[in-house]
Amino acid sequence: MRHFISMFDWTPAELAELIALARRFKSGRATAEVERLAGRILTMVFFNPSLRTRTSFEAAMLRYGGHAITLSVGGDTWQLEHRDGLVMDGPAAEHVREAVPVLCRYGDLLAVRTFAGLKDAAEDAADPVIRAFGRFATQPVINMESAFEHPCQGLADWLTVEEKCGGVRGKRFVVTWAPQVKGLPMAVPNSAVLSLAAAGAHVTLAHPPGYELGPRVLEQARAWCRAGGAAFAVTDDQQAACRGADAVYVKSWGRPALYGKPDAQRESFAQHRDWMVTPGHLGPKTILMHCLPVRRNVVIADAALDDPRCVVVDQAENRMWVQAAVLSTLVGDAAGAARS
Ligand code: CP
């Protein structure tokens, strides 16, 4: 049984197959794959809020005759513990060791959104909560954004570049850091960089010193770019990085050295206010991307978000099509495994 928890567990060729299937779903040509979702139940577990992820997964299931159940941990479920060997005398009344297999008895697929602790970069990189779900699940688990990755967003980003830039291989894809009002995880930039590297784009990552992504992501992205005959670069010169880009992808994330230090993190964001993206960062044909939600005039200026080169709504729509592809693929894999 296969999970979609991490892009590291899928090859670029397999990810490309998911994109090809997403295109077939979007154009109404995925007849056999559509049928796999009829009557299926997706259970979605949210440790954090969501607008797009929740709605796009539900919409994908409902469109193709399936059903989705949404649970908010600590809201309409018990709080869940994932660490082993604890005396559970705190706020969590239930352990994932019981909760996950129970949920798997009711549905066909389990999807989970967790969030980075933003206290310890190494712990976030280990993705302990979603990995615990994967360990105890008897159904495929889908990552709806974890501490370390947002692979469904990464697939939507790939599909969007492919559609808007007339292909993805050899296109110049720039991920630029932008300021924020509070520290945020690296899951989205991690997945954007990995996804477009797997797709064969030239990838440039621009951020101020101190905001480096983790070595595992950088090494994998560099290796995938190299294998695809593309370049991978990291720079602290945002303007130079954006010059000549086919796609500029904007995202804020926190500085690991300032995890747990909100005042110092705010001060660091203020020092880099000029990294906010404006129309001046875009060439005549550059597309502007962001995963949303976005803070206007902090991360990206109004004039850029309201510019026709901005594709954030198309990008959000593509979440639904790539997730339909992931859901159908995992159901097909699980059915194949059960038969063998
Ligand atoms: N991009 C994204 O995951 O949006 P939500 O947080 O609204 O789900």
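Analyst: Domain 1 and domain 2 bury about 2,500 Å² between them. Of that area, 70% lies on carbon and sulfur atoms. Keep in mind that this is a predicted model.

Where are the two parts in the chain? Domain 1 takes in 7-149 + 319-339, and domain 2 covers 153-315. Over C-alpha atoms, the domain centres are 25 Å apart. Domain 1 puts 28 residues into the contact, and domain 2 puts in 30 residues.

Now look at the side of domain 1. Met7, Phe8 and Leu118 lose the most area to domain 2 there. Together they account for 27% of what that side buries.

Two salt bridges cross the interface of domain 1 and domain 2. A salt bridge also joins the side chains of Arg23 and Glu162, at 2.6 Å from N to O.

Which elements give two or more residues to the side of domain 1 that touches domain 2? They are helix 1 (12-27), helix 5 (121-126) and helix 13 (312-339). Helix 1 gives the most, with eight residues.

Finally, sort the residues on that side of domain 1 by type. There are 18 nonpolar residues, nine charged and one polar.

Notes
Residues numbered from 1 in each chain as written. Predicted model: local features only at pLDDT ≥ 70, side-chain atom pairs only at ≥ 80, totals over all residues. Heavy atoms only, no water. Domains from an automatic or database assignment. Contact = heavy atoms within 4.5 Å. Buried area = accessible area lost by both parts, 1.4 Å probe. Salt bridge = Lys/Arg side-chain N within 4 Å of Asp/Glu carboxyl O. Helix = DSSP H or I, 4+ residues; strand = E, 2+ residues; numbered from the N terminus. Nonpolar A, V, L, I, M, F, W, Y, C, P; charged D, E, K, R; others polar.
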